[in-house]
Amino acid sequence: MRFLVQPNPAVLDRARPPVRVFLAFAVLLLVGWIASRAAHGALTPEGLTRILEPSPGERFGPVALWEEVHQGAFLYGFLLLTVGSLLVVCPVAPRLRTALLATATAAALVDLLAPFLPVAWPGIPGWAPLRIGAFGVAMAALLAAVALAWATFGREPRRTDG
Amino acid sequence: MVDPRMSRFSLPVAAFATMVALVMATGAVLFARKIGFDGGHVRAFYFGSEAGFAPPRSLAGLLEVAVPHLLAVPLLILVTLHLVAFALGVRRRPFSLLAGITWTCAAAGIGAGFAIRFAWPWLAPLKVAAFVGFQATMLAWLLLLVAAIVPHPGREPRPGFTGTADAPPRAVR
């Protein structure tokens with residue numbers, strides 16, 4: 001892992017091919033994730049309500065909700081760590097890097113936690129559009145981060161950004 | 001202050017730690033809801049129960065859960081331990097001891113389901129102990145990781161680090 005985040009230009013040059021292949025797979029993962037949610041009807045408020053809203057008397061929400069958050073947090077965690085760490089050694093403005101990662105992380109948390117709103121407050125409106133919007137923002141920010149890493153990784157020596 | 005060699009990685013590491021905390025928390029809830037924390041519930045989960053109309057777990061059903069976990073759990077432990085070593089330069093003996101407990105609990109937790117179902121049902125408490133041990137040690141690793149990226153006034157980089165301000169450090173040998 002240290003090999004991939006070395007700021008040495010020669011090392012980054014050697015690391016570029018595997019990093020680019022990894023980033024291509026990351027794009028496939030993100031596109032596949034969007035397609036999977038669409039196929040399950042989770043990109044419409046009605047579909048999302050049908051899948052994840054708790055039934056009357058289901059105090060802690062459906063088990064499917066906890067399983068989805070369990071798997072989703074794992075995926076988000078590894079994507080944010082790997083893409084974020086690669087961006088650190090890319091010649092990218094620190095503000096842009098921080099904005100992309102912070103947006104992706106915040107949107108991912110809203111995406112994962114929004115379905116718990118009707119568990120805590122049964123009948124609360126608006127959680128489904130909130131989750132769909134947050135998922136869209138998280139995917140857009142992660143795709144942008146991947147594209148940026150693809151375009152700039154190893155291209156020139158990393159600037160000192162503190 | 002945060003170690004300058006670590007500060008550039010603070011955001012991705014913080015995002016990772018947050019998501020791992022969510023994975024662990026939801027894992028605990030799923031364990032409590034699906035399996036339970038006492039031997040009787042664990043045995044009922046694996047052998048089925050007439051009262052709950054639940055059939056015994058099949059080998060295919062156990063593998064369906066175990067196989068993804070055999071990739072995800074070691075990957076999660078490897079990366080978390082790597083980051084802690086990378087960030088804190090913790091001493092080798094306590095690091096190895098805690099890491100050994102984590103790996104043992106992870107292996108026992110995944111393997112215990114098969115052992116309970118097909119070898120010895122009375123291993124049910126082992127499943128619970130392994131799960132609790134895994135959760136507890138992962139919580140400790142996450143706290144160490146957070147300690148590495150939270151600014152501490154006056155904290156200097158620990159002696160023994162390799163690398164420079166521009167290069168990531170390695171664990172102390």
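Modeller: Chain A has six helices and zero strands, so that, read from the N terminus, the order of its elements is α-α-α-α-α-α. The model is a predicted one. Along the principal axes, the C-alpha atoms of chain A fill a box of roughly 60 × 30 × 20 Å. Chain A has 162 residues, of which 35% are buried. Taking the contacts in chain A between residues at least 6 apart in sequence, 73% join residues that are at least 24 apart.

Next comes the nonpolar core. The largest one holds 78 residues, and the members that touch the most others are Leu80(A), Val83(A), Ala104(A) and Ala145(A). Helix α3 of chain A, residues 63–88, gives the most to this core, with 13 residues. For Leu80(A), neighbours within four places in sequence set aside, the contacts in chain A are Leu101(A), Ala104(A) and Thr105(A). Leu80(A) is also in contact with Pro12(B), Ala15(B), Phe16(B) and Met19(B) of chain B.

Val119(A) belongs to helix α5 of chain A, which covers residues 117–120. Val119(A) has 19 C-beta neighbours inside 10 Å and therefore counts as partly exposed, since a buried residue needs 20 or more. Residues up to four places away in sequence not counted, Val119(A) touches Pro54(A), Phe60(A) and Gly61(A). Glu46(A) lies 73 residues from Val119(A) along the chain, and their C-alpha atoms are separated by 17 Å.

The pair of helices is in chain B. Two packed helices are described by the distance between their axes and the angle between them. Here the pair is helix α5 (residues 92–118) and helix α6 (residues 124–149) of chain B, whose axes come within 8 Å and cross at roughly 150°. Because angles over 145 degrees count as roughly antiparallel, α5(B) is roughly antiparallel to α6(B). The crossing of α5(B) past α6(B) is left-handed. On the α5(B) side, the residues making the contact include Leu98(B), Ile101(B), Cys105(B), Gly109(B) and Ile116(B). On the α6(B) side, among them are Leu126(B), Lys127(B), Phe131(B), Phe134(B) and Met138(B). By kind, the residues of this contact between α5(B) and α6(B) divide into 14 nonpolar, five polar and one charged.

Terms used:
Residues numbered from 1 in each chain as written. Chains lettered and ligands numbered in written order. Predicted model: local features only at pLDDT ≥ 70, side-chain atom pairs only at ≥ 80, totals over all residues. Helix = DSSP H or I, 4+ residues; strand = E, 2+ residues; numbered from the N terminus. Buried ≥ 20, exposed ≤ 12 C-beta atoms within 10 Å, placed from the backbone. Contact = placed C-beta atoms within 7 Å. Core = buried A, V, L, I, M, F, W, Y, C linked by C-beta atoms within 7 Å. Axes fitted to C-alpha atoms, helices over the stretch in contact; angles between N-to-C directions. Parallel < 35°, antiparallel > 145°, perpendicular 65-115°, else oblique. Left-handed = near helix turned anticlockwise from the far one by under 90°. Nonpolar A, V, L, I, M, F, W, Y, C, P; charged D, E, K, R; others polar.
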